[in-house]
Each structure stands twice: as C-alpha cells, then as structure tokens.
Amino acid sequence: FFVPSFAPSNIIMAMAPSSRLGPVAQVSLHNGFRVCSLRRRRHVKTYAAKSEGMITKLARVFSEKAKSDYERVFGAMDKTRERLSVADELFTYWQLDEYEEALEELEDVLLTADFGPKTAARVCDSLRVEIKAGKVSDGSEVKALLKENIRQILTAPAGEGGSDNPLSFPDDAEVGTVLVVGVNGAGKTTTIGKLAHRLTSQGVAVALAAGDTYRAAATEQLVEWGKRTDSPVVVKRGEKEKPPALLYRALEETLAAHKNGEGTDGYADVLVCDTSGRLHTNYDLMEELGKCQSSMQKVMPGSPHETLLVLDGTTGLNMLNQAKEFASYVNLTGLILTKLDGTSRGGAVVSVVDEVGVPVRFVGVGEKLEDLQSFDADSFVDAILPAGI
C-alpha cells in the first residue's frame with residue numbers, strides 16, 4: 001500500500017504500525033520489502049529496506065520548524081533585545097551623510113549585546129559596503145539589511161539543508177551515531193534525554209551510551225532517561241573501563257543488535273553517546289575526547305556522524321572560547337543551546353556561529369521532555385532584535 005504525503009501523521013502510523021519511519025514517510029510493501037520514501041527539500045529519495053537489517057535513513061528526522069516555540073525563544077532574549085533597542089533610535093534618526101558615526105555607534109551597541117568584536121565589525125563593515133554602493137539610503141533599509149546580515153551568519157554553516165535537517169547520517173550507515181560534548185553543568189545529559197525522546201516519539205529506536213564514567217550520578221541520570229524514553233543504555237563495565245573503551249563497546253554492541261533485527265536486546269537505529277563534562281582548558285580531558293572519536297571510528301569509519309556541543313546560553317562570550325577549544329579537539333558538526341531564559345545572551349550565539357563555523361542545531365526552551373526544538377534562524381533573529389528593527 002502507499003500512504004499519500006498529505007495524509008495526517010496519525011493515519012500514516014495507523015496504516016503502518018510496524019514502521020519506524022515516523023510521520024514524514026510514505027510506506028509501501030513490495031516483494032517482502034518496505035519501500036520508504038523520505039521527503040527531502042527538493043526531491044524524494046527512495047530506499048528499499050528489509051524489516052530485518054538495514055536502517056531507514058534518517059536525514060530528515062526533524063521536519064518541523066521551531067516557529068511554534070517562537071514566544072518562548074522571544075522571552076529568553078529579553079536582555080539581548082533590550083540592549084539592541086538603542087539601535088532602533090539610531091535608525092530612526094538616520095542621516096546618510098552621517099553614516100560613519102552611526103555605524104560606529106551601532107558597533108558599540110552590538111558589543112554591549114554580547115556580539116564578539118570580530119562579528120560586530122563584520123556586520124558593520126557589510127552595512128558600510130552596501131551604503132557606499134548606494135544600495136541602501138534610509139534608516140528602514142539599513143534596519144532590514146542588519147537583520148538579513150545576522151540571519152545569513154546564522155544560516156551559512158548549515159548549508160542547503162538549514163534547520164530542516166538538524167541531524168544527518170550517511171545513507172550507508174547501519175546505525176546513526178551522535179556524540180554529545182560540553183563543559184560541566186551545560187546540560188548534556190538532560191539534553192540527551194530530550195533528544196532521545198524526540199527521536200523515539202517519531203518511531204526511531206535509540207540506544208544511549210553512558211560515556212561519563214567519572215560521575216556515578218551521571219550514569220544513574222542517563223539510565224533514568226533510558227527508562228523514560230524506552231531506550232537501552234550501555235554503562236561502564238568494571239572500574240577500569242575508560243570512556244573511549246566504553247563507546248567502542250557501545251557501538252559494537254549496537255551494531256550487532258541491529259544486524260540481528262528489531263526485537264533484539266539493545267536494538268537501535270541511532271546511538272547517542274554522553275561524555276564527561278570538562279573544562280575546555282583541561283588538556284588531558286580534552287585529549288580524551290579526541291580518543292573517544294577515534295575509538296568509534298575504529299568500529300565504524302566516519303563515526304560519530306554528529307558531534308554536538310552543548311552550550312549554556314547564559315554564559316555570553318565564554319561560549320565562544322569553549323566552542324573554539326572543543327572544535328580544536330573534535331570535529332564539531334553542531335551546537336545545542338540550553339538554559340534559554342531572560343538572561344540569555346543572543347549576540348554571543350551569533351559570534352560562535354560566525355567564528356567557529358558550526359551551525360546551531362537545537363535549542364532547549366524549557367525543562368519538559370518536549371522542550372528541545374530545532375533551531376530556526378528567522379525566529380531567533382526576530383527574538384534578539386527589537387520589533388522596530
């Protein structure tokens with residue numbers, strides 16, 4: 001049978017109860033194979049997958065935008081928006097013959113809103129080029145250009161897929177792999193629980209690896225998340241097992257279970273790995289992260305497919321220092337912003353993306369399981385800039 005793309009998700013899942021594809025798929029049955037069509041941005045790619053064995057590819061795990069949570073992101077950026085409100089006055093009284101003075105003031109405003117010096121200068125230099133070229137003249141046009149420049153910075157590293165595709169795994173991967181890293185207290189383990197919930201709620205089987213072997217409480221916390229999301233958890237075996245060895249074993253076991261098919265203990269389509277929180281200035285622990293990546297690559301070349309850095313949204317430009325250090329030790333593919341509240345510093349987020357060249361994939365907008373949303377650049381820019389801009 002075929003399910004049309006416009007059918008409601010509850011109808012799709014009712015017609016195909018055994019499918020792990022989630023609501024974005026079309027499903028058919030042909031010669032003992034499930035033929036699964038995953039919707040992409042501009043085309044449809046079709047995979048034939050036996051019910052035992054191959055993973056249904058998850059390039060579009062999260063198809064929805066985060067616009068439904070715009071109000072929560074908006075509230076989280078009160079501090080940044082208040083500081084940038086000064087810019088609105090600059091544009092209101094904009095005069096073309098005084099644009100240099102106005103741009104200098106704008107750069108100062110961006111700095112007070114936690115934009116880094118390089119990013120603030122880049123934004124203003126871009127405005128300067130357009131003004132000199134005669135492409136903008138009045139304040140309203142400069143406002144619009146400022147907004148677009150910031151949006152382009154946030155979307156540039158994500159490429160064509162943008163925020164529609166926050167997780168991406170190779171087509172030939174039997175199991176998708178995600179490594180989650182960050183400093184102490186950033187919210188890694190909680191974020192992993194929310195990510196597991198988002199995946200399992202869309203029919204994707206998830207396994208968790210408790211790679212934080214230094215804190216017993218971290219393992220206990222991840223085991224609890226595993227229970228809440230119905231996800232098996234690979235934990236430390238013996239006192240001497242280090243994080244690289246644990247992740248090596250976790251991936252081996254997950255691959256073996258996947259080959260044996262659904263219903264096997266430990267079966268998963270995606271393995272999400274926790275790591276120990278560490279200061280980005282601790283050389284030994286940062287070196288260990290590199291070893292974690294290497295150990296997973298030995299089991300499955302190219303893994304981990306995603307390495308996500310969790311950043312506390314309230315720490316300002318310290319996020320930039322953290323991101324630079326982590327990027328020098330592991331191949332970062334995305335950022336997750338947590339603890340978004342009224343004190344969050346949105347300007348620093350723009351600078352991290354600008355200078356490190358890694359896109360924001362998710363934002364944590366609350367404490368509930370459902371409160372991990374795909375990042376949407378348009379909504380974020382609207383949240384950090386005053387309504388007049």
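The side chains of Thr119 and Asp354 are joined by a polar contact of 2.8 Å, where a polar contact is a pair of N or O atoms within 3.5 Å; within protein, one must be able to donate a hydrogen and the other to accept it, and residues adjacent in sequence count only if both atoms are side-chain atoms. This is a predicted model, in which local features need pLDDT of at least 70 and side-chain atom pairs count only at pLDDT 80 or more, while totals for chains, interfaces and linings use all residues. Residues are numbered from 1 along each chain as its sequence is written, and side-chain values use heavy atoms, with hydrogens and water left out.

**Around Thr119**

- Thr119 lies in helix α5, residues 117-132; helices (H or I, at least four residues) and strands (E, at least two) are DSSP runs, numbered from the N terminus.
- Thr119 is buried, with a relative accessible area of 0%, given that buried means under 20% relative accessible area, exposed over 50%, and partly exposed in between (1.4 Å probe, protein chains only).
- Not counting residues up to four places away in sequence, Thr119 touches Ile153, Val350, Ser351, Asp354 and Glu355, where contact means heavy atoms within 4.5 Å.

**Cysteines**

- A search of the whole structure finds 0 disulfides, a disulfide being a pair of cysteine sulfur atoms within 2.5 Å.
- Cys273 is in no disulfide, and the nearest cysteine sulfur, that of Cys292, is 8.7 Å away.
- Cys273 counts as buried at 0% relative accessibility, and Cys124 is also buried, with a relative accessible area of 0%.

**The sheet**

- An open sheet with mixed pairing is formed by 8 strands in the order β6-β5-β7-β4-β8-β9-β10-β11; two strands pair if DSSP finds at least two bridges between them.
- The edge strands, each pairing on one side only, are β6 (233-234) and β11 (372-374).
- Strand β5 (residues 206-209) runs parallel to β6 and is joined to β6 by 2 bridges, with Leu208 standing opposite Val233 in β6.

**Backbone details in loops**

- Ser303 and Pro304 are joined by a cis peptide bond with omega of about -5 degrees, and Pro304 is found in the loop between α10 (283-299) and β8 (306-312).
- Asp114, in the loop between α4 (99-112) and α5, has a phi near 75 degrees, a positive value in a residue other than glycine, and Asp114 is buried, with a relative accessible area of 12%.
- Asp230, in the loop between α8 (216-229) and β6, has a positive phi near 55 degrees, and at 70% relative accessibility Asp230 counts as exposed.
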